[in-house]
Amino acid sequence: MSGLDDLLALRVFERVVSLGSLTAAAAELGLSLAATSKRLANLERRNGIQLLHRSTRKLSITPEGQTLYLHAQRILSEVRHAQDALLQQQQLLSGSLRITSPNSFGYRHLLPLVSEFSQRYPHIQLQLLMSDDVKDMLAERLDLAIRYGSLPDSRLVGRLLLPNKRVLCAAPNYLQQYRAPMSLTELARHRCIVIGTRNETEWRFRDSSIHVKAFILCNDGEACHRLALQGLGVVMKSYWDVAEDLQKGNLVQLLADEAVADAPINLIYPRSQDLAPRVKVFMRFLQEKMAQLAQQMG
């Protein structure tokens with residue numbers, strides 16, 4: 001195989017490990033599931049080692065795979081940096097870049113990266129519009145949007161940024177006062193913090209749903225997160241919004257056996273326009289950083 005084929009196989013392997021799924025990696029790379037699996041098998045055959053343990057339920061990485069994965073991240077990062085350097089030589093990266101993001105994701109994951117991106121690309125002006133409202137990208141002349149869940153608008157294109165699930169959680173002091181729900185029926189009777197503008201809403205799970213009445217209603221997801229931290233009720237949030245608080249014990253996941261419908265985090269852009277170089281480098285930068293985050297959080 002040629003060096004370019006080897007590089008693609010390495011890229012496939014790195015994305016499969018980062019995303020934890022052959023299917024997710026195939027979708028992101030624009031490959032069929034069969035082609036993705038074949039690339040992995042060929043990589044293992046050429047190196048004479050097993051990189052991944054595969055089962056019908058999950059993938060797990062071997063010690064040899066972990067060693068290759070760490071090198072693959074470094075190699076692919078260097079390739080991306082080289083591509084960016086060539087792009088800068090071809091055309092000075094400048095102009096404005098308008099991005100919208102949900103409040104929680106923006107404060108927690110996007111803002112900490114602004115300084116590094118601006119140092120790397122000082123002539124790009126970032127315009128950040130953080131809102132839990134879904135903005136009309138074409139009407140508001142937005143270059144990129146970070147959004148949860150499916151993509152109903154055919155005028156837009158989505159690329160997976162992070163696999164994501166929703167989780168139910170509450171603070172330990174809330175659970176000391178109100179016994180943790182043991183079923184969805186019990187959950188409906190709890191003090192629920194609802195994101196939105198309607199007092200009654202539906203919380204959807206993979207195989208069912210329940211109607212909940214808001215004990216506290218707020219249209220800002222980050223505010224709802226903070227209210228939950230204060231022990232005021234149960235909230236349903238994106239995993240990446242609460243992962244750090246779950247690890248630190250500031251929040252406790254509830255009903256973990258009840259699978260909540262997934263809500264992947266996508267990078268969205270208008271289908272009708274060619275992506276400007278400044279948009280492409282930001283997308284690569286953000287995808288690289290989110291892959292590192294996914295690896296750190298397991």
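Me: Axes are lines fitted to C-alpha atoms, for helices over the stretch in contact, and angles run from 0 to 180 degrees between N-to-C directions. At what angle do helix α2 and helix α3 pack?

Reply: This is a predicted model: local features need pLDDT of at least 70, side-chain atom pairs count only at pLDDT 80 or more, and totals for chains, interfaces and linings use all residues. Numbering starts from 1 along each chain as its sequence is written, and side-chain values use heavy atoms, without hydrogens and water. Helices (H or I, at least four residues) and strands (E, at least two) are DSSP runs, numbered from the N terminus. The axes of α2 (residues 22–29) and α3 (residues 33–47) lie 9 Å apart, and the packing angle is about 105°.

Me: How is α2 oriented to α3?

Reply: The two helices pack at about 105°. Angles under 35 degrees count as roughly parallel, over 145 as roughly antiparallel, 65 to 115 as roughly perpendicular and the rest as oblique. Therefore α2 and α3 are roughly perpendicular.

Me: Which residues of α3 make the contact with α2?

Reply: Contact means heavy atoms within 4.5 Å. From α2 come Leu22, Thr23 and Ala26. The contact divides into 4 nonpolar, 2 polar and no charged residues (Ala, Val, Leu, Ile, Met, Phe, Trp, Tyr, Cys and Pro count as nonpolar, Asp, Glu, Lys and Arg as charged, the others, Gly among them, as polar). The residues from α3 are Leu33, Thr36 and Leu40.

Me: Is α5 roughly parallel or oblique to α10?

Reply: Helix α5 (residues 103–120) packs on helix α10 (residues 277–297) with the axes 11 Å apart. Their angle is about 125°. That value makes the orientation of α5 to α10 oblique.

Me: How many residues of the contact of α5 with α10 are charged?

Reply: α5 brings Phe105, His109, Leu110, Leu113, Glu116, Phe117 and Arg120. α10 brings Val281, Phe282, Phe285, Leu286, Lys289, Met290 and Leu293. Of the residues in this contact, 10 are nonpolar and 1 is polar, and the charged ones number 3.

Me: What is the bridge partner of Gly95 in β4?

Reply: Two strands pair if DSSP finds at least two bridges between them. Strands β3 (residues 95–101) and β4 (residues 124–130) run parallel and share 7 bridges. β3 also pairs in the parallel sense with β5 (residues 144–148), over 2 bridges, where Thr100 is partnered by Ala145. In β4, Gly95 is partnered by Ile124.

Me: How many residues lie between β9 and β10 in their hairpin?

Reply: β9 (residues 200–204) pairs with β10 in the antiparallel sense over 5 bridges. Opposite Arg204 stands Ser209 of β10, and opposite Trp203 stands Ile210. The number of residues between β9 and β10 in the hairpin is 4.

Me: Which strands stand at the edges of the open sheet of 6 strands?

Reply: The sheet has mixed pairing and the order β9-β10-β8-β11-β7-β12. Each edge strand has a single partner strand, so one side of each is left without a neighbour in the sheet; these strands are β9 and β12 (252–254).

Me: At what angle does helix α9 run to β11?

Reply: Helix α8 (residues 221–229) lies across β8, β10 and β11 (234–238), at about 170° to β8. Helix α9 (residues 239–248) lies across β7 (166–170), β11 and β12. Its angle to β11 is about 115°.
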